[in-house]
Amino acid sequence: MKNNIGSKRLVVGAGYGLGEFLAQRATAVVMAVYTVVLLVAFLTGNNFSYEGWAGLFAQTWFKLFTLATLIGLFYHAWIGVVSIYQDYIKNIAVRFILHTASAIWLVACAVWSVQILWSV
């Protein structure tokens with residue numbers, strides 16, 4: 001019988017998921033910072049009208065920050081959904097269909113978000 005305990009343990013797949021784990025944490029930090037910036041802009045702003053918000057989103061730095069946050073949000077969602085599918089959907093064909101449908105949906109949401117963001 002093979003000794004598979006301690007330092008002689010056979011480690012298979014070590015490190016899988018670490019990149020995704022770190023990416024989700026990084027995207028969460030970006031989204032949290034964006035939320036704080038948005039709250040500060042809202043709480044310190046004088047113009048609570050459409051023009052005020054349009055003025056905020058008309059600034060290039062804010063559009064880029066919003067775009068980076070949205071890309072982070074969609075990537076964060078993709079990692080989470082894929083993890084759920086891999087853990088709970090055992091049928092490979094069903095998992096492939098769900099992966100494909102989720103990817104199409106998230107890309108469509110990203111394109112739509114860019115269209116809305118850059119139309120302001």
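The legends below describe close-up views of aromatic residues and one annotated site in a predicted model. Residues are numbered from 1 along each chain as its sequence is written. Local features need pLDDT of at least 70, side-chain atom pairs count only at pLDDT 80 or more, totals for chains, interfaces and linings use all residues, and side-chain values use heavy atoms, without hydrogens and water.

**View 1. The aromatic cluster.** Ring pairs join Y34, F42, W53, F57, W61, F62 and F65 into a cluster. The structure holds 6 aromatic pairs (rings of Phe, Tyr and Trp, the last by its six-membered ring, with centres within 6.5 Å; planes under 30 degrees apart are stacked, over 60 edge-to-face, the rest tilted).

**View 2. The pair Y34 and F65.** These rings are edge-to-face, 5.2 Å centre to centre with 70° between the planes. Y34 belongs to helix 1 (residues 18-44) and F65 to helix 3 (residues 60-88), so the pair ties together parts 31 residues apart in sequence (helices are DSSP runs of H or I, at least four residues, numbered from the N terminus). Y34 is buried at 10% relative accessible area (buried is under 20%, exposed over 50%, partly exposed in between; 1.4 Å probe, protein chains only).

**View 3. The pair W53 and F57.** The rings of W53 and F57 are tilted, with 6.2 Å between centres and 35° between planes. Both residues lie in helix 2 (residues 50-58), 4 residues apart, or about one helical turn. W53 is partly exposed at 29% relative accessibility, whereas F57 is buried at 18%.

**View 4. The annotated residue Y88.** An unreviewed UniProt entry places a "binding site" annotation on Y88; UniProt positions follow the numbering used here, feature names are shortened, and annotations may be inferred rather than shown by experiment. Y88 lies in helix 3 and is exposed, at 65% relative accessibility.

Conventions. Helix = DSSP H or I, 4+ residues; strand = E, 2+ residues; numbered from the N terminus.
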